[in-house]
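Please look over the sequence and the model shown here before reading the briefing. The notes after it are grouped by topic.

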Amino acid sequence: MLDYNEVRISQILNPTAIDLGEYVINPFMGCEFACLYCYVRSNRVVSKKNKPWGEYVDIRVNAPELLEKEILKKKPKQVLLGSTTECFQPVERKHRITRKILQVLNSYKVNYVILTRSPHILDYLDLLKEGLCKKIYFTVNNFSKAFKYNLEPKSPEFRLREEAVRIMLKENIDVVPYFSPLLPWISDIEDVFGKFEQAAQVEFESLNFNLNNISAIINCIGQVEPLLGLRYERMLKDKEFYQEICERLKTDIAAKAKQAGREYRLYTHNFRDYFKNSYG
C-alpha cells in the first residue's frame, strides 16, 4: 500500500550536476510508478528511507511558495524539473504542486526543462505553451507485456506515452522522445523513428549495469526469459561481451537513423563506470 505524506521542506531550488539547468526542482520525494530500473533507487538519500522505493510519496506542500522566495534570491535563468521524481504522477492530480510550480516559473519568466514519462503532462498544455518550457525529455520504451509487468508494472502504458509525445509535438512543444532504458534483445526499436516523425531527434540511453539493484533487474529478466537472464549475467561480468553488445546496439540504431534520415543521440554506460549527466 502506498504511503502518502504531506511534508514541508526548507529548500526547493537545489544545485544539479545535470547540464539542463542551474537548479533542479522535485515537487515530490518518491514515485508511484516504482520502475525497477530507476536510477533514483541508488540515491543516497532514498536509501535512508524506511520504506522501499515505489511504496511512498512525500508531497512537498510548501514547494510553490518556497520557489517564489528562492527565485527572487537566486535569480535562476533555467531550471530542471523531475530529476528524482515524476512531476506528473497520479498524486499530482489531487495536490497540483507541479501546476503551481509551473505557474510560478512562468510568472517570473524562468525557463525550464522537464524529465517525465507521464501522459498526465497533457493536463498542463496551457502552461507549457506559454513559451518558458524549453524542452521535455519524455521517456518511452517498447517491450512485451511480460517484461513490462516485471520491470515497470505501475508505469503508464507505452502507447499512451507515445501518443502524449505526438500530441505535444503537434502543439509545437519541443519534446525529445527518450528511449530508456535500452534493453538488448528486449526493447523493440524497429519503428522508433517512424513513430515520432515531428521530433527533431530521438535519444537513447542503454541500461545502466552499475545500478545498486542490477541483480534484481537481471533476475526479473530471467523470470521471463531464462536464457536472456544468463546473457545479462554475462554482460554484467564479461567486459568484452558487454562492449560487443553495446557496439551492436550502436550499429543497429545508426543504421535505422540513417534509413529514416533522422538525428539521434545514444548514451551508453561504460563497463563498471557511471553515466555522465550530459545531454544534447
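In this predicted model, helix H10 (residues 226-237) and helix H11 (residues 239-260) pack at an angle of about 110°, with their axes 6 Å apart, which makes H10 roughly perpendicular to H11 (65 to 115 degrees counts as roughly perpendicular). Local features need pLDDT of at least 70 and side-chain atom pairs count only at pLDDT 80 or more, whereas totals for chains, interfaces and linings use all residues. Residues are numbered from 1 along each chain as its sequence is written, and side-chain values use heavy atoms, with hydrogens and water left out.

**Crossing of H10 and H11**
- The crossing of H10 and H11 is left-handed, meaning that the near helix is turned anticlockwise from the far one by less than a right angle.
- Arg 231, Arg 234, Met 235 and Lys 237 of H10 meet Lys 239, Phe 241, Tyr 242 and Ile 245 of H11, where contact means heavy atoms within 4.5 Å.

**Helix H7**
- H7 (residues 158-170) has 13 residues and reaches 19 Å from its first C-alpha to its last, close to the 18 Å expected at 1.5 Å a residue (the expected span is 1.5 Å times one less than the number of residues).
- Phe 158, Arg 161, Glu 162, Ala 164, Val 165, Met 168 and Leu 169 of H7 are buried (under 20% relative accessible area, with a 1.4 Å probe and protein chains only).

**Surroundings of H7**
- The buried residues of H7 pack against helix H5 (125-128), strand E8 (133-140), helix H6 (145-151), strand E9 (175-182) and helix H8 (192-195).
- Just after H7, Asn 172 takes a positive phi of about 65°.

How values were computed
Helices (H or I, at least four residues) and strands (E, at least two) are DSSP runs, numbered from the N terminus. Buried means under 20% relative accessible area, exposed over 50%, partly exposed in between (1.4 Å probe, protein chains only). Axes are lines fitted to C-alpha atoms, for helices over the stretch in contact, and angles run from 0 to 180 degrees between N-to-C directions. Angles under 35 degrees count as roughly parallel, over 145 as roughly antiparallel, 65 to 115 as roughly perpendicular and the rest as oblique.
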